[in-house]
Protein chains: 2
Amino acid sequence: MKNLIVLILIFGLACSQQYQTKYFDQLVDHIGFETGDKTFKQKYLIKDDYYRYDKGPILFYCGNEAPVDFSFGGAGFMHTTLAQELNALVVFMEHRYFGESQPFGTEKESFKKGNNKYLTSFQAINDYAKFLVWFKKSLGCGDDECPVVAFGASYGGMLSAWIRMKFPEIIDVSLASSAPIFLYENREGIDETLFYKIVTDTYEQNGCNTQIHRAMNILTDLINSPVPSFLFKIQNKKILNEINEGMKTCKPITDQDNLDVLRSYIDQAYSYMSMFNYPQEGHFVSKMPAWPANYSCTPFEAINDKSTISQLFQAVKKSVDVYYDFEEQKECTNFNTGSTGEINTSAYEILTCADIVQPIHPNGVTDMFYDQPWDKDSYQQYCQETFGLTPNYDYVLNFYGGKNDEEMKQFTRIIFSNGLLDPWQSGSPTKYISDDLPIINMYAAAHCSDLRLPQNGDVESVIQARIQEEKYIKQWIQEKLPTEYFTKKSQI
Amino acid sequence: MKNLIVLILIFGLACSQQYQTKYFDQLVDHIGFETGDKTFKQKYLIKDDYYRYDKGPILFYCGNEAPVDFSFGGAGFMHTTLAQELNALVVFMEHRYFGESQPFGTEKESFKKGNNKYLTSFQAINDYAKFLVWFKKSLGCGDDECPVVAFGASYGGMLSAWIRMKFPEIIDVSLASSAPIFLYENREGIDETLFYKIVTDTYEQNGCNTQIHRAMNILTDLINSPVPSFLFKIQNKKILNEINEGMKTCKPITDQDNLDVLRSYIDQAYSYMSMFNYPQEGHFVSKMPAWPANYSCTPFEAINDKSTISQLFQAVKKSVDVYYDFEEQKECTNFNTGSTGEINTSAYEILTCADIVQPIHPNGVTDMFYDQPWDKDSYQQYCQETFGLTPNYDYVLNFYGGKNDEEMKQFTRIIFSNGLLDPWQSGSPTKYISDDLPIINMYAAAHCSDLRLPQNGDVESVIQARIQEEKYIKQWIQEKLPTEYFTKKSQI
C-alpha cells in the first residue's frame, strides 16, 4: 500500500452560527436502477447573510473528503468575501460517505463491501447536480436566472471542474482550487514523481533537504536490508537504539515493518507541511506555526554530516513535530496514530481504490525520500481485499476528459488556481490552455490558499488571484443576472 | 404494461461485402469498480472504401436497439453519401446487449437479473467514447486531428446527442436523427399524448381515422365492460364472432385479455406504419409498400357508418396487414406474434425499465386510439418483477440535460433532424434553440428519413436536409482537418 496523501485543504475555524444546517433527500444511486428511489439524508449548509436580491447568484461548494463543517472553515474567500461582493447565496454540500452524509445510515453500514460501491466521484457530482436542480426550483429560479458558481478545493476542486465539464447546463462557472485533474496515469507527459520533488524543493529552499534525505536513507537501508527478521534486531541493535532515542518512540522499534511505518509517519509530515505552508499559523493534526515547512527546517540548523544518528533523528523528531505536536503535548512519538487529524481517511481510501487513482510516488533521486515505484499488483490486491473494488487508472481522464490540452479546450469557464509551493500543482493545469480556462498561479502560496478567508500576512499573489477570480466570475455570471445587478448593488 | 414502441429506423438491405466486421474488448462496467477490467467482445463494422487521406474524418454510428448489421442498412446517407463527400472512415458500433455484443457472453446470461444492470444509455455512450479514444490512437490521430462525427437514429439519435453533450472532447459534431430527447416526464411543457395525435394525423389526412377509431372504440368498450369473465363470452357472442370473422383470427378471441392483445396488435401496426411512412417500399416485419400508412387507408374506402362490425374489421385486417402481411403469406391473424420483426425487444424493454422511460400514451380524444393513462405503479411493478429494475422518469433530463431550451443552450454542434410525418417529433427538438444546435424539419418525411441512402422518390425536404447536414458537418470538422482538405479533395 502506498501512503495515502489526502487532498485536503487545511481547516480554518468554522463558526456554526454563520450558517443553517439542512438535509436533502438524496438518491443513493444516480447511475444504476437497482436501488430505485431509495434516498439518504445529505447534509448541506446555507449561508445567506449577504444574499440581498431574489435570483442573485448561488455560490456552491462541492464538498470534499471531510465533514462539511470542517470544509466550511477553509473557504472564507468564497462564503464571506465573494458572497458579500456578489450578494450571493452560499451553499456547502457534504460529500456522500463523509461526515453525516451516509447513504446507508451509518458509516459502518455504508462502508461495507457492496454498499461502498456508490462512493465515486461521479455519484458525488450527480448529488450536487440533482440538489442544484431542486434548489434553484425551490428558490423560484428559472434556468436562465440565479447563476451557479461551483467551488472546490483539492479533490473537491476536481469535482468542481468535472461538474462543469459534465453538467454545463447546471453549473455556469467553476473555480477549481489546487485541483490535480491531470494527475492520472493516462495524462500525456505526466510525471508521477514530481509531487515529491516539489515537496523537496520547499525543504531545499530552507536548507534542510540533505539532512532529511540522510535520515530517510538510514531508514530505507534498514528497511531494505535482506537480513532475516530474527537476526535484524541483533545486528542493528545500536542503530535502532539511536533512532528510538532520537525519535523518542513510545514503543521502541525493533523490526523492519515498524521502521516502514515510521518512515511513512515522517514523510507524510513533510508532505502535509509543504501543502500547508501558509503564512499564518493554522491547525490540522494540532496547531502549526506560520510557514510550517520553513519552520520545520530549524531543528536541522545544528546538524551536519558529523552529527550522530541519534542527533539527526532528534532533529527529525523536532522537525516533524511542527506538524504532529507543535505545542509539545506528547511525551513520546506514537507513529502508529493517523497523520490526518480528525479526517476519517477510510472513505477517501475507497475513492482511491476506485476512480481517484493518482499513482504519485517518490524516487529518492529527484526528491529527499526513497525509491518506491507504484506497485499495481499489490495495490489492486489491497483494494480488492479491503473494499471489493478494483482501481481503474484510466477512468478519470477517459470519463471526464483531459488526457491532453486539446481535450481540455472543449470545456469553458473553469478557473484553475495553483499555489506554486503546493506539490499538488504537479498534476494541476498550470500552463495556458485557452482563454476560457484561466489559470492562476500564485507564487509563494500553498494548497488552496486563494479559497481561504483573506487575512493579514497573505502574500500578494494570493491577493491578486482573488481579484482575478472575482473578475472572471462576475463577467461570466452577468448574463444570468439583471443587467443592472452589479450597478444597483454598488449604489446601495 | 404499456405497448412498447421501439424507436427504430427501418432497415435497408445491408450488403455485408461493404464492410469488415471486428470486435473490441470493451469494459463491462464503465461506472462502477466491482467488475474491474472484465471485458466483452463488442462488435463493430469498418467501412473504408472512400477513406483516402490519413487523418481524415471519422463518421461514427452510435448503435441502437438492433444488431448492428441491420442498422447499417438504414444509414446509407452516412456510410456512403457522406463518406464519399468527406473521404471519411466509417464505423458502426453495436449497442451492448444487442446482436452479438453480449457483456456476459450470451443473451441468456446477459439478460439475467443482476447482469442486466449494465444495460443503460450511459454505459452505451461510455462504450463508444472508450472505443473512439482507442480507435483514434490506433490510427495515429492526435486529439486535434481526425474529427469525429457521431450519427444516430431514433434511440441511437439520442445517444449521438448525449455523447456530444457528455464527451465534447471526443465527439466534434453530432447528427441526431428523429431523436426524442425531450420525451421525458420532466421536460417543460411535454405532451405525452402528442405521439398518438401525430400518428392519427397521418390517417386523418388519408381519410380513415374515423373508421379506425370506430373499431378501436368497439374493442375498448368490450375490454372495459364490467361483466364477470364467465358471462363475457355469452353476452358478447355475436360481436366477438364478427370481430373474429373480420380479423380472421387463427384462434377465436373469447375473452377481454385477448381483445386487449388484439387492440395492441392493431395500434402498433398503425404507429409503426406512421413512423415508416416512406415514399419507397420497404421491409420490417414483412415487405411494405411505398407510403404504407397512406396505403393502409385503402381498405376503408368501402366502409361507412352503416357497415357491419364484421365488414369494419375486415377492413382493419387488410389495413394492418399492410404492415404485418403485405404479401399475403398468412392464412389467419396470429396477433400474439411480435410486431417488431427480427428485433428482440427484451433488451430495449430493459432500457425502458431503467433510464429510457418515455411515458407516451393515447387518450382516445386527440387520437384515434383509446384512453390509457400511464400507470406508474403497475409499470414499476412490472419492471421490478421482470428485470429487478426501477424505472427513473427524471434520469435522462437530469443527467444529460435538456429539461428546457435554456439548458440546451449550453451545448453546441448537434444537428437535430425530424420528419414531420414522424410521431417521434413529439419529443424531439423541433423549434429554434440556438445557432449551434441546428434543427432541420423535413415536411412529408417519416422517421430518420435523412439517414437513409438517397434514392429515387425521396421528397425534396429530405434532399435539402442532407445538403444542410453536410454543410454543417463540413464547417465544424474543418478545424481538425488540414486547411486544404476539402480543396485538395475536389482537385482529384
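**Salt bridges, chain interface and backbone features**

In the predicted model examined here, both R96(B) and D127(B) are buried. The two residues form a salt bridge, and their closest N and O atoms are 2.7 Å apart. The pair links distant parts of the chain: R96(B) belongs to the loop between β4 (89-93) and α3 (107-110) of chain B, while D127(B) belongs to helix α4 (residues 121-138) of chain B, and 31 residues separate them.

In chain A, K43(A), D69(A) and E100(A) are linked in a network of salt bridges. A search of the whole structure gives 42 salt bridges over all chains.

One of the salt bridges runs from one chain to the other. The side chains of K117(A) and E34(B) meet with an N to O distance of 3.5 Å. K117(A) lies in the loop between α3 (107-110) and α4 of chain A, and E34(B) lies in the loop between β1 (20-27) and β2 (39-47) of chain B, so the pair joins two chains. Because its relative accessibility is 22%, K117(A) counts as partly exposed. The relative accessible area of E34(B) is 33%, so this residue is partly exposed as well.

The arrangement of the two chains was examined next. Chain A can be laid on chain B with an RMSD of 0.0 Å by a turn of 180° and a shift of 0.0 Å along the axis. This is therefore the relation of a two-fold axis. Within chain A, K166(A) has the C-alpha nearest the axis, at 2.8 Å from it. Both copies use the same surface, as 100% of the contact residues of chain A recur in chain B.

Contact between the chains involves 40 residues of chain A and 40 residues of chain B. Together the chains bury about 3,500 Å² between them, and 58% of this area is on carbon and sulfur atoms. Of the area that chain A buries against chain B, 21% is supplied by F33(A), E169(A) and Q410(A), more than by any other three residues. Across the interface of chain A and chain B there are 2 salt bridges, together with 9 residue pairs in polar contact, counted where both residues are at pLDDT 80 or more. Four helices of chain A, α4 (121-138), α5 (155-166), α15 (395-400) and α16 (405-408), each supply at least two residues of the side that touches chain B. By class, this side of chain A has 14 nonpolar, 12 polar and 14 charged residues.

Further features concern individual residues. K474(A) is found in helix α17 (residues 460-477) of chain A and, because its relative accessibility is 26%, counts as partly exposed. K474(A) and L86(A) are 388 residues apart in sequence, yet their C-alpha atoms are 7.8 Å apart in space. When neighbours within four places in sequence are left aside, K474(A) is in contact with E85(A), L86(A) and F486(A).

Two residues were noted for their backbone angles. Most residues other than glycine have a negative phi. K248(A), although not a glycine, has a positive phi of about 50°. K248(A) lies in the loop between α9 (237-247) and α10 (256-275) of chain A and counts as partly exposed because its relative accessibility is 47%. W291(B), also not a glycine, has a positive phi of about 45°. The loop between β8 (287-288) and α11 (292-295) of chain B holds W291(B). The relative accessible area of W291(B) is 26%, so W291(B) is partly exposed.

Note on methods. Residues numbered from 1 in each chain as written. Chains lettered and ligands numbered in written order. Predicted model: local features only at pLDDT ≥ 70, side-chain atom pairs only at ≥ 80, totals over all residues. Heavy atoms only, no water. Least-squares fit on C-alpha atoms with pLDDT ≥ 70 in both. Contact = heavy atoms within 4.5 Å. Buried area = accessible area lost by both parts, 1.4 Å probe. Salt bridge = Lys/Arg side-chain N within 4 Å of Asp/Glu carboxyl O. Polar contact = N/O pair within 3.5 Å; in protein donor to acceptor, adjacent residues only side chain to side chain. Nonpolar A, V, L, I, M, F, W, Y, C, P; charged D, E, K, R; others polar. Buried < 20%, exposed > 50% of the residue type's maximum accessible area, 1.4 Å probe, protein only.
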